[in-house]
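Please keep the sequence and the model in view while reading.

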Amino acid sequence: MPTQCSQEELDFGSCGGRKLVGAFDGGAITSNGGAVLLGATDKTIRLCERVAACFTDFRHAGSIVHATVDLLRQRLFGLALGYEDLIDHDALRFDPALTAVLDKPGGVLAGKSTLNRLEHAGKIGLDRHHKLDHDKSAIERLFVDVFMEAYSEPPVRIVLDLDATDDPLHGEQEGRHFHGYYDCYCYLPLYIFCGRHLLAAKLRTSSVDAADGSVEEVARIVAQIRERWPRTSIVIRADSGFCRDDLMAWCERNNVKYVLGLAGNSRLTAKLAPEMRKARTKAKRTGRPARAFADFEYRTRKSWSTKRRVIGKAEWTKGEANPRFIVTNVHEARALPLRERLLPARRDGEPAEGMPGRPVRRPHTGADDARQPAASVVILVRLRADVRGSSDRARRHGPRTGDVRHHPPAAAEDRRAGHDQRAAREAGVRLGLSKPRGLHAGTATTMPLTG
């Protein structure tokens, strides 16, 4: 016979004159306490409300139960809490934390079908179910506005980081392609950050070059920034996957500085040979890694339209050469500090710990993002805006946690050295960012830039 148990509580003895018991009548319990932080942050910066203003709701006003802003909050907070699939909301719609944050305590939130129609706003007019339209350009401008509003006065200089990463796919999604570098079927979204602020996230098929569309996105962002900050100096920073003539030429025409990683070749290595010999001699004499720098003009045989300034780092470490190169139009009176900051002492050319070189994060929330709910909301809102137009991405699988990796034009044999190996970033730049709200933006930064 099955055991009949009617015990309503467990006795754990007493402590300090108090009886300790375990009971099962706690009522509704949730582990999604982070929703409270997300909700408080959103109420402060009004992000979801402002994103909702970029939508047009064609539903019958008298029949609306879940307003557009509530749908956005529910979906975005769910993503930040780790619930990537819409089907999760069949249970999440009853979560006491989310219902309280969305001002529906004891009520019920939207189901997966309603949220699905929100995400597929690009199908407006195709059938009677999709009646939520959106203005893509307004959403794109909003995130640059949010970034600029974080400053009490225009900064002296800002650095825009460009990067691309894999967004792995596990189904027959539209636009899927196998990527040899990442060794999987994936998308290849483009990200543009300034510090912790996401300025652009463009969903792309992985069949394109890492820098595809970067000129258009940079031009849009720079134009919007200069409308309000005409005197602010703008620096573009990226790895060798973005070292393309069209991007550099655009920056040169529009008075935008750039610092880009440059993939090595035999000609560059030959120019760096004297410095490499000096570094090798010093390393053998001291028994420690040594480095030297070279500053020269360089032009590719076909792909570049003009000569450009290249800085090379000749490093001898662990008994072998480790040459690195960057191309830049930044001119610095003190050449050595510039070289040291543009080419930090790392085996793979990545920025050292604590440097602002790679602020990019993956779409869904990790441990760091959990401590910065505003960053999570910004990232998630912008990503969903680009995914919304596809017809089969309702169950979009989020990528793995960790920092975004770049996509350099490395050789195939370098990419296949190991299943988990990823080619290194080619450049890291320690350029001083302006200070945030509350601090004087005109104070000296970590390094002056002129020219």
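**Helix packing and loop residues**

Asp103 is found in the loop between α5 (96-101) and α6 (112-119); here helices (H or I, at least four residues) and strands (E, at least two) are DSSP runs, numbered from the N terminus. The model is a predicted one, in which local features need pLDDT of at least 70 and side-chain atom pairs count only at pLDDT 80 or more, while totals for chains, interfaces and linings use all residues. Residues are numbered from 1 along each chain as its sequence is written, and side-chain values use heavy atoms, with hydrogens and water left out.

The phi of Asp103 is near 60°, a positive value in a residue other than glycine. With a relative accessibility of 56%, Asp103 counts as exposed, where exposed means over 50% relative accessible area, buried under 20%, and partly exposed in between (1.4 Å probe, protein chains only). Arg46 likewise has a positive phi, of about 55°, although it is not a glycine. Arg46 is found in the loop between α1 and α2 (47-52) and is partly exposed, its relative accessible area being 40%.

The protein chain as a whole holds 15 helices and 16 strands. Of its 451 residues, 49% are buried. Among contacts (heavy atoms within 4.5 Å) with a separation of 6 or more, 65% are accounted for by residues 24 or more positions apart.

α3 has 13 residues and reaches 18 Å from its first C-alpha to its last, close to the 18 Å expected at 1.5 Å a residue; the expected span is 1.5 Å times one less than the number of residues. α3 is mostly covered, with 13 of its 13 residues buried. Gly82, whose phi is positive, near 100°, follows α3.

Two packed helices are described by the angle between their axes and the distance between the axes. The crossing of α1 and α3 is right-handed, a term used if the near helix is turned clockwise from the far one by less than a right angle, and left-handed if anticlockwise. Leu38, Gly39 and Asp42 of α1 make this contact with Arg73, Phe77 and Ala80 of α3. By class, the contact has three nonpolar, one polar and two charged residues, where Ala, Val, Leu, Ile, Met, Phe, Trp, Tyr, Cys and Pro count as nonpolar, Asp, Glu, Lys and Arg as charged, and the others, Gly among them, as polar.

How do the axes of α3 and α6 cross, and at what angle? They come within 10 Å and cross at roughly 100°, which makes α3 roughly perpendicular to α6. In this pair, Leu71, Leu72, Gln74 and Arg75 of α3 meet Thr114, Leu115, Leu118 and Glu119 of α6. The contact of α3 with α6 comprises four nonpolar, two polar and two charged residues.

α7 passes α8 in a right-handed crossing.

Two further loop residues complete the picture. Thr306 is found in the loop between β13 (290-298) and β14 (308-317) and is partly exposed, with a relative accessible area of 32%. Leaving aside neighbours within four places in sequence, Thr306 is in contact with Glu252, Tyr298 and Arg299. Val330 lies in the loop between β16 (324-328) and α12 (335-342) and, at 2% relative accessibility, counts as buried. The C-alpha atoms of Val330 and Val259, 71 residues apart along the chain, are separated by 7.4 Å.

Conventions
Axes are lines fitted to C-alpha atoms, for helices over the stretch in contact, and angles run from 0 to 180 degrees between N-to-C directions. Angles under 35 degrees count as roughly parallel, over 145 as roughly antiparallel, 65 to 115 as roughly perpendicular and the rest as oblique.
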